[in-house]
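Work through the exercises below with the model open beside you. Try each task before you read its solution.

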Amino acid sequence: MVESGSASQIDPIISAIQGGSSSELARYFNPTISLNINGQQGEYSKNQAEIVLKDFFKKNPPIDFSLVFKNENQSSVSTYIGEYASGQGSYKVFIKVSQVENSFRIYGLDFVKS
């Protein structure tokens, strides 16, 4: 992967998903986050979202995760699409992040079974 300023910002998020770490991932959440886990959709607080993801990772431990698409915008909103593989199946992962001053926050996260 080509290292650029924004690529390094998404790296810890990729690592957290690869490791199935909801607590690590939650460090990058907005105070409220739109979460969609295979059709179970809603707006969650940072803590609620972490619990929902912890459950997802427990039921679907990661085998592999890789980014397949990125649309980065330095000034505001960026979108990333990844592929998540677990023993239970594969998921497309849509990660929506916003850049507020120097902070990089996930405001939307979707895991859709593929």
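Buried means under 20% relative accessible area, exposed means over 50%, and partly exposed lies in between (1.4 Å probe, protein chains only). This is a predicted model: local features need pLDDT of at least 70, side-chain atom pairs count only at pLDDT 80 or more, and totals for chains, interfaces and linings use all residues. Residues are numbered from 1 along each chain as its sequence is written, and side-chain values use heavy atoms, with hydrogens and water left out.

**Exercise 1. Classify the two partners of a salt bridge, D110 and K96.**

Step 1. Recall the term: a salt bridge is a side-chain nitrogen of Lys or Arg within 4 Å of a carboxyl oxygen of Asp or Glu. Side chains of opposite charge can pair when their charged atoms come close.

Step 2. Check the distance. The closest N and O atoms of D110 and K96 are 3.7 Å apart.

Step 3. Place the residues. Helices (H or I, at least four residues) and strands (E, at least two) are DSSP runs, numbered from the N terminus. D110 lies in strand 6 and K96 in strand 5, so the pair ties together parts that are 14 residues apart in sequence.

Step 4. Apply the cut-offs. D110 has a relative accessible area of 13%, so D110 is buried. K96 is at 26%, so K96 counts as partly exposed.

**Exercise 2. Find a salt bridge within helix 3 and classify its partners.**

Step 1. Count the salt bridges: the structure holds 4.

Step 2. Pick K59 and D55, which both lie in helix 3. They are 4 residues apart, about one turn of the helix.

Step 3. Check the distance. The closest N and O atoms of K59 and D55 are 3.0 Å apart.

Step 4. Classify. K59 is at 54% relative accessibility, so K59 counts as exposed. D55 is at 37%, so D55 counts as partly exposed.

Step 5. The side chains of R27 and E24 meet at 2.7 Å, N to O. E24 counts as partly exposed, because its relative accessibility is 28%.

**Exercise 3. Describe how strand 5 pairs with strand 4 and with strand 6.**

Step 1. State the rule: two strands pair if DSSP finds at least two bridges between them.

Step 2. Take strand 4 and strand 5. They run antiparallel, joined by 10 bridges. They form a hairpin with 2 residues between them. V77 stands opposite S98 in strand 5.

Step 3. Take strand 5 and strand 6. Here too 10 bridges join antiparallel strands. This hairpin has 2 residues between its strands, and E101 in the turn has a positive phi of about 50°. V100 stands opposite S103 in strand 6.

Step 4. Look around S98. Contact means heavy atoms within 4.5 Å. Not counting residues up to four places away in sequence, S98 touches several residues, including V77, S103 and Y107. S98 is at 14% relative accessibility, so S98 counts as buried.

**Exercise 4. Compare the ring geometry of F56 and Y84 with that of F57 and F111.**

Step 1. Set the rule. Rings of Phe, Tyr and Trp (its six-membered ring) pair if their centres lie within 6.5 Å; planes under 30 degrees apart count as stacked, over 60 as edge-to-face and the rest as tilted. The whole structure has 8 aromatic pairs.

Step 2. F56 is in helix 3 and Y84 in strand 4, 28 residues apart. F56 is at 5% relative accessibility, so F56 counts as buried. Y84 is at 1%, so Y84 also counts as buried.

Step 3. F57 lies in helix 3 and F111 in strand 6, so the pair ties together parts that are 54 residues apart in sequence. Both residues are buried.

Step 4. F56, F57, Y84, Y91 and F111 form one aromatic cluster.
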